[in-house]
Amino acid sequence: MENPCQPYARTVRDGGRFVRARPTRTRELIGYLVACPNPETLHIVCYPDPILSVKCAPIETFDASLAAVAEKMLCLMRDASGVGLAAPQVGLAIRLFVCNWTGEPEGDLVCVNPRFLELDGVGEMIEGCLSIPEVEVTMRRATTATLAAADIHGQPFECSGEGLAARVWQHEADHLDGRLITDTMSATDEIANRRALKQLESDYATNSKKVGRR
Ligand SMILES: [Zn+2]
C-alpha cells in the first residue's frame with residue numbers, strides 16, 4: 001500500500017512566507033527553507049523527511065495565520081488519533097506543538113516556544129509517533145514535568161503534569177529540536193522496527209520522485 005504521507009517538497013511548492021530554519025549541529029541542513037503555507041494544505045510528513053531533523057526557530061509573531069496553523073494541527077492530530085503533534089511534523093520548522101492526552105475537546109493545549117522548568121523522576125513506556133507509523137520504541141523519560149510556554153496569543157503560562165502529560169510534552173519538545181524516538185533505539189527496538197523503517201524510507205524515496213516529476 002502506498003504511504004499516505006507526502007514528502008516535504010510538496011509543502012515547499014505551496015509557497016508563501018519563507019523563514020530560514022537553523023540547522024542542527026549534527027545534521028548539515030544549511031540553508032533549509034521552510035514554507036509557511038495556507039494552513040489547509042498542511043499534512044503530516046513522515047520519516048525520513050529532513051524537516052523532522054531540524055532544530056526549529058522560536059516564534060516571534062503571534063498572528064491569525066499562526067492561530068490557523070495551530071487549529072489545523074489540532075485537526076490533523078485528532079484525525080490521526082494522536083495525543084500530540086509538533087510543527088515540524090507538518091513541515092514547519094517553528095517552535096510550536098499541540099497536544100491533548102485527555103480525549104476531551106477542552107483538553108486541547110497549544111504550546112509556543114516551550115521550555116522545561118523542571119523534569120523529575122524516570123520511567124519507561126512504549127511510544128509511537130504520527131510521523132513514524134508502525135514503529136514503536138521504548139523511551140526512558142522524566143515522569144513529572146513543569147513546562148513554560150506561550151499560548152497562541154503570546155501570553156506566557158506554566159503547567160505541571162505527570163505520567164502521560166509529561167511524556168507527551170517531552171516527546172513533542174524533542175521534535176522541536178529535531179529529535180525522534182528512532183534516534184535512541186535499543187538494539188532490540190532497532191531489530192523490531194527495521195522492516196517498518198525501511199518501508200518508510202522506500203515510500204519517501206518513491207513519493208519524492210513523484211513530486212520531482214511534476
Ligand atoms: Zn512524534
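How many of the 214 residues of the protein count as buried? The share is 36%. Here a residue is buried if 20 or more other C-beta atoms lie within 10 Å of its own, exposed if 12 or fewer, and partly exposed in between, with C-beta atoms placed from the backbone. The model is predicted: local features need pLDDT of at least 70, side-chain atom pairs count only at pLDDT 80 or more, and totals for chains, interfaces and linings use all residues. Residues are numbered from 1 along each chain as its sequence is written.

Start with the layout. The protein has four helices and nine strands. Helices (H or I, at least four residues) and strands (E, at least two) are DSSP runs, numbered from the N terminus. In that direction the order is α-β-β-α-β-β-β-β-β-β-β-α-α.

Next, the sheet. Five strands form an open sheet in the order β3-β4-β5-β8-β9, with antiparallel pairing. Strands pair if DSSP finds at least two bridges between them. β3 and β9 (156-162) each have a single partner strand, so one side of each is left without a neighbour in the sheet. From one strand to the next, the twist averages 40 degrees. Seven bridges join β8 to β9. Thr 146 stands opposite Ser 160 in β9.

Two helices pack on this sheet. α2 touches β3, β4 and β5, and its direction makes about 45 degrees with that of β4. α3 touches β3, β4, β5, β8 and β9, and its direction makes about 20 degrees with that of β3. Touching means contact, with C-beta atoms, placed from the backbone, within 7 Å. Axes are lines fitted to C-alpha atoms, for helices over the stretch in contact, and angles run from 0 to 180 degrees between N-to-C directions.

Of its 13 residues, 11 are buried. Among them are Arg 167, Trp 169, Gln 170 and Glu 172. Just after α3, Gly 178 takes a positive phi of about 75 degrees.

The largest nonpolar core has 49 residues. Such a core is a set of buried Ala, Val, Leu, Ile, Met, Phe, Trp, Tyr and Cys residues joined through C-beta atoms within 7 Å. Ala 70, Ala 87, Phe 97, Val 98 and Ile 132 have the most contacts inside it. α3 gives the most to this core, with six residues. Not counting residues up to four places away in sequence, Ala 87 touches Cys 56, Leu 92, Ile 94, Leu 96 and Phe 97. In soluble globular proteins, nonpolar side chains tend to be buried together.
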